[in-house]
Amino acid sequence: MSIDKKVVEHVALLARLKLSEEEKEIYTEQLNSILGYMDKLNKLDTSNIPPTAHVLPLKNVYRDDVVKPSMKREKALANAPVEVDGQFKVPKIV
Amino acid sequence: MKLHEFTAHELHHKLVNKEVSATELTRSVLERIRSVEENIKAYVSLTSEQALAKAAEVDQKIAAGEKILPLAGIPAAIKDNMCTQGVRTTCSSKMLENFVPPYDATVIEKLNAHDMVMVGKLNMDEFAMGSSTENSRFFPTRNPWNTDTVPGGSSGGAVAAVAADEAVYALGSDTGGSIRQPAAFCGVVGLKPTYGYVSRYGLIAFASSLDQIGPVTKDVRDNAIIMNAIAGHDSKDSTSANVKVPDFTSFLTGDIKGMKIGIPKEYFAEGMQPNVKAAIENAIKTFTDLGAVCEEMSLPHTEYALPAYYIIAPAEASSNLARYDGVRYGYRDVQAEDVVDMFKGTRSEGFGTEVKRRIMLGTYVLSSGYYDAYYLKALKVRTLIKQDFDRAFEKYDVLISPISPTVAFRFGEKAGDPLSMYLSDVCTIPINLAGIPAMSIPCGFSDGLPIGLQIMAKAFAEGEIYKAAYAFEQATDYHRRKPNL
């Protein structure tokens, strides 16, 4: 499978990245080269193989549903780029 | 020998015997940093004042006759992707250039309980993506053995600092080889523990099913001591394994008679530098002389590990890095007029080229229409790779191989071709996919540049690695050599 500039633009939008025309060209070329290398995997018959998303046999690791103190508000806001009235301020959304 | 040249276990004895104070030791390391750091650039941040304050505390404990733990008062440094409360943690990225974590990673809490003296945070490839530390957004780190060459990556700062005696030990992280490959390039001991052995809480995530924190040290004993301190179940990390932690130093017996060692032939591909091949063959001979039984064997799906990894890791990264949106912390594009523009501007300006490339790759392979062909396929290949290792460890105690087909390369040599850079991880990546532990130890030199040997074991069998590594180390002197700085 090869990808063209339109696909690169679509993926950039999904990833919330802004690419220059030059970057789009470079990424198209490099991604194609990398994905071409991935085609190796198609040589393998994996029809009866289960996927491994995670190597440990862990499932549903929960803690008890007990209320614990949260991080103090000032600490949570301490790295805020823009903070107003104890809230994170952002440009308009709608 | 100067104080900063010793190992942690040697220094512990000196502290306990009151031959030196923690303050003198810390001063020696800080002086060493002042003297060589201009040439090495291992550190992103130095915490000299806090380090000296902590050292003074430890000295008071010793003076009061209190018993101190093995790592107390020992100057250490931490790769800059582990959260240290109140101390800038950047991942060597513009995105987190001014981020000051409000909490400590679990490994930091554990080392603090051991009275660690933290001297600073170490340079890395941005967000741990890279094999040379050239992807650091700030500056590259240089290999102390030859400053025209890279230290490896992504834990380049960690290994360079330990090799140059700018820290007695360090913590690195390994997702596709990021402790082991740089450890090999800089002639130090680096362990990637079994996935789940060391808590990832507070480790800034790259690929959640692959990342592990591990010790970078001057010798095998130090490595075992630090593993004792940092391993163990953590309820704050839901991927943390609930297994008992042995005393890893108990495996340092030097006796490996009868140990069954497998040598996977697929790890000796063409492209291996002749000196590297010779060093590994020499190492095999050393193991045989020590009484181990070495035998060639096969891990048939090895060649598929790299393409599988470069689908899985970027996929997980694209998800983990989605949080960097400029809203709550980190860099923000403050010129943006609406929120989507803010996300785009923040991420495009905050992330470097390699990070963006991997996010693009990951987003693509997970996107609708491509998920089955790439990501699901890669996860099935991962099963095959894991099964290769499961089968191997039914027969062998450990497996050994080269860490890298080459020694440290020159700056810029691979930076222009991402695929070529990715290929330098061909020996380390399968280990992360399978979740098993592996260590790099020095096993030779080529024109003054270190060569590393990889020792692998099955999950939670770090003891076997420590046994083999210690026996090898004690039969050789590579760990005693120091770069000329």
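# Notebook: pockets, cavities and the A/B interface

I started with the second largest pocket, which holds about 350 Å³ of space. On the terms: a pocket is an open set of points on a 1 Å grid over the protein atoms alone, with protein on both sides within 12 Å along at least five of seven lines, while a cavity is a set of points where a 1.4 Å probe fits but cannot get out. Lining residues have an atom within 4 Å of a point. Grid points are joined across faces, edges and corners, and a volume is the space filled by probe spheres set on the points.

Ground rules I noted: this is a predicted model, where local features need pLDDT of at least 70 and side-chain atom pairs count only at pLDDT 80 or more, while totals for chains, interfaces and linings use all residues. Side-chain values use heavy atoms without hydrogens or water, residues are numbered from 1 along each chain as its sequence is written, and chains are lettered from A and ligands numbered from 1 in the order in which they are written.

**Pockets**

Back at the second largest pocket, I found 16 lining residues, with Glu266(B), Ala269(B), Glu270(B), Glu303(B) and Val426(B) nearest the centre. That lining splits into 10 nonpolar, 2 polar and 4 charged residues. My classes: Ala, Val, Leu, Ile, Met, Phe, Trp, Tyr, Cys and Pro are nonpolar, Asp, Glu, Lys and Arg are charged, and the others, Gly among them, are polar.

I then checked the largest pocket and got about 560 Å³. It has 22 lining residues, and Cys83(B), Tyr103(B), Gly202(B), Arg323(B) and Tyr329(B) are the closest to its centre. By class I get 13 nonpolar, 3 polar and 6 charged.

The rule is a side-chain nitrogen of Lys or Arg within 4 Å of a carboxyl oxygen of Asp or Glu. Between chain B and chain A I count 2 salt bridges.

For contacts (heavy atoms within 4.5 Å), I see 71 residues of chain B touching 50 residues of chain A. The two chains bury about 5,400 Å² between them, 71% of it on carbon and sulfur atoms. Here buried area is the accessible area (1.4 Å probe) that two parts lose on being put together, summed over both.

**Cavities**

I got 5 cavities of 30 Å³ or more.

I list 14 lining residues, and Ala128(B), Gly130(B), Ser178(B), Tyr309(B) and Asp425(B) lie nearest its centre. This lining has 5 nonpolar, 7 polar and 2 charged residues.

Where is the cis peptide bond? I found it joining Gly153(B) and Ser154(B), with omega about 10°. Ser154(B) sits in the loop between strand E3 (117-122) and helix H5 (156-163) of chain B. Helices (H or I, at least four residues) and strands (E, at least two) are DSSP runs, numbered from the N terminus.

I also flagged Ser92(B), a residue other than glycine with a positive phi, near 50°. Ser92(B) is in the loop between strand E2 (75-79) and helix H4 (106-113) of chain B.
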